[in-house]
Amino acid sequence: MEKKIIAVVGATGAQGGGLVNAILSDPDQEFGVRVLTRDPKSDKAKALKERGAEIAHADVNDKESLIKAFKGAYGAFCVTFFWDHFSAEIEMEQARLMAEAAEAAGLEHLIWSTLEDTRKWVPIEDKRMPTLQEKYKVPHFDAKGASDKYFKDSKVPVTLLRTSFYWENFIHFGMAPKRGDDGTLSLVMPLEEAKMPSMCVEDIGRCALGVFKAGKQYQGKTIGISGEFLTGKQMAETFSEVFGEKVKYVSVPHDVYRGFDFPGADDLGNMYQFKVDFEEVYCANRDLELSRKLNPKLETFHGWLVRHKEQIPMETQTA
Ligand SMILES: NC(=O)c1ccc[n+]([C@@H]2O[C@H](COP(=O)([O-])OP(=O)(O)OC[C@H]3O[C@@H](n4cnc5c(N)ncnc54)[C@H](OP(=O)(O)O)[C@@H]3O)[C@@H](O)[C@H]2O)c1
């Protein structure tokens, strides 16, 4: 029987890459995968082709390219790339184009990788955190949540998939524990005592595959996935255990974090404040049991860290 094709946006990246891996390594081999990329000749695209993926050119700013790349597929996984441009408006426009292209191509199921529009809980006039880009509180969350409507309005059956903080941020996003002048390692995260849902990107992919495999079950639904709900202290303790050296958890005030000197610090400062102030809601929006049902291989942070220890850019103790 011919395999149903899933077209994956961001397939050479983290979330999409997780789904491509999940599909290619699925023992059931129910689905085939189509990698959407701006550069079909890149090493990453070529490596995926060698593993059995179809490759299609597409740019999320170009609706025609998306229609072409979606055509003939059964489903699609759609994600946007906030940190490439830092603009909520661009993100919303790209989401709209993907939703319209999916409908034009006649897809049968689409997963939109989304997050909460935090303005539902922190209205724009709420002074607890600054308003950013004129009308957002957490631009990279709000733009995704506000874009849900494009997918809900589409004729394509959609699953809105709320993801969680990825552990890969400790590898690629500059979030690994750092050694201070006093020689001790600290994990700096303005999470206070709150528990934060988190997971690895391979599990986002495996959960997304679980959603596709379930057919109609999650169509028309919003679901949230996570691997574990962990406090900053628990994450620091896991680092200490795996690296065999004490890692201290340091929760700086949100205002201090917003003032850090890296692009997007204000957005992330607001994000952490939202996660702390609305801990209950934010955790309740993600279902550990469902995540495990969709993906029985769901990893723990400890297991993930042991497997990825060598990739964490952490200055280890010299003898
Ligand atoms: N970090 C976290 O903890 C976290 C948690 C939840 C959600 N998120 C969200 O995840 C999103 C990013 O996803 P990711 O981490 O999977 O991305 P990523 O690893 O940065 O992957 C980006 C991939 O997308 C492709 N891409 C970039 N611009 C494109 C365009 N204009 N058209 C088509 N493809 C394009 C690129 O592929 P080619 O070069 O091959 O075209 C690239 O390999 C962000 O919006 C972020 O807010 C992040």
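1. Let's start with Phe-86, which sits in the loop between helix 4 and helix 5 (88–105). Helices here are DSSP runs of H or I with at least four residues, strands are runs of E with at least two, and both are numbered from the N terminus. Phe-86 has a positive phi of about 65 degrees although it is not a glycine. As background, most residues other than glycine have a negative phi. Phe-86 counts as partly exposed because it has 15 C-beta neighbours inside 10 Å. The scale behind that word, with C-beta atoms placed from the backbone, is this: buried is 20 or more other C-beta atoms within 10 Å of the residue's own, exposed is 12 or fewer, and partly exposed is in between.

2. A word on what you are looking at: this is a predicted model, in which local features need pLDDT of at least 70 and side-chain atom pairs count only at pLDDT 80 or more, while totals for chains, interfaces and linings use all residues. Residues are numbered from 1 along each chain as its sequence is written.

3. Two residues share another loop. Glu-134 lies between strand 5 and helix 6, and Lys-120 is in the loop between strand 5 (109–114) and helix 6 (139–152). Glu-134 is not a glycine, yet its phi is positive, about 70 degrees. Is Glu-134 buried or exposed? It counts as exposed, because it has 9 C-beta neighbours inside 10 Å. Lys-120 has 13 such neighbours inside 10 Å, so it counts as partly exposed. Lys-120 and Thr-159 are 39 residues apart in sequence, and their C-alpha atoms are 20 Å apart.

4. Val-60 is also a loop residue, placed between strand 3 (54–57) and helix 3 (63–70). Val-60 is buried because 23 other C-beta atoms lie within 10 Å. Leaving aside residues up to four places away in sequence, Val-60 touches Val-9, Leu-66, Thr-80, Gln-94, Leu-97 and Met-98. Contact here means that the two C-beta atoms, placed from the backbone, lie within 7 Å.

5. Now the ligand. Which residues come nearest to it? Of the 26 residues around the ligand, they are Gly-13, Ala-14, Gln-15, Thr-37 and Arg-38. Helix 1 (14–24), helix 4 (82–85) and strand 7 (165–166) are the elements that give two or more residues to this shell. By type, the shell holds 10 nonpolar, 12 polar and four charged residues. Nonpolar covers Ala, Val, Leu, Ile, Met, Phe, Trp, Tyr, Cys and Pro; charged covers Asp, Glu, Lys and Arg; polar covers the others, Gly among them.

6. Strand 1 (residues 4–8) is mostly covered, with four of its five residues buried. Strand 1 runs parallel to strand 2 (residues 31–37), and five bridges join them. Ile-6 has Val-33 of strand 2 as its bridge partner. Strands are said to pair if DSSP finds at least two bridges between them.

7. Three strands make an open sheet of mixed pairing, in the order 8-9-13. Strand 8 and strand 13 are the edge strands, since each pairs on one side only. Strand 8 (residues 178–179) meets strand 9 in the antiparallel sense over two bridges, with Arg-179 opposite Leu-185. Their hairpin has five residues between the strands, and there Gly-183 takes a positive phi near 90 degrees. Strand 9 and strand 13 are parallel over four bridges, with Val-188 opposite Val-250. On strand 9, Leu-185 and Leu-187 form the covered face, and Ser-186 and Val-188 the uncovered one. In a regular strand, side chains alternate between the two faces of the sheet.

8. Finally, helix 9 (residues 232–243). Its buried residues are Gly-232, Met-235, Ala-236, Thr-238 and Phe-239. They lie on the same side of helix 9, because they cover an arc of only 155 degrees around the axis; that arc is taken over the directions from the helix axis to the C-beta atoms. Their packing partners are strand 9 (185–188), strand 12 (228–231), strand 13 (247–250) and helix 14 (301–308). Just after helix 9, Gly-244 takes a positive phi of about 65 degrees.

How values were computed
A residue is near a molecule or strand if its C-beta atom, placed from the backbone, lies within 6 Å of it.
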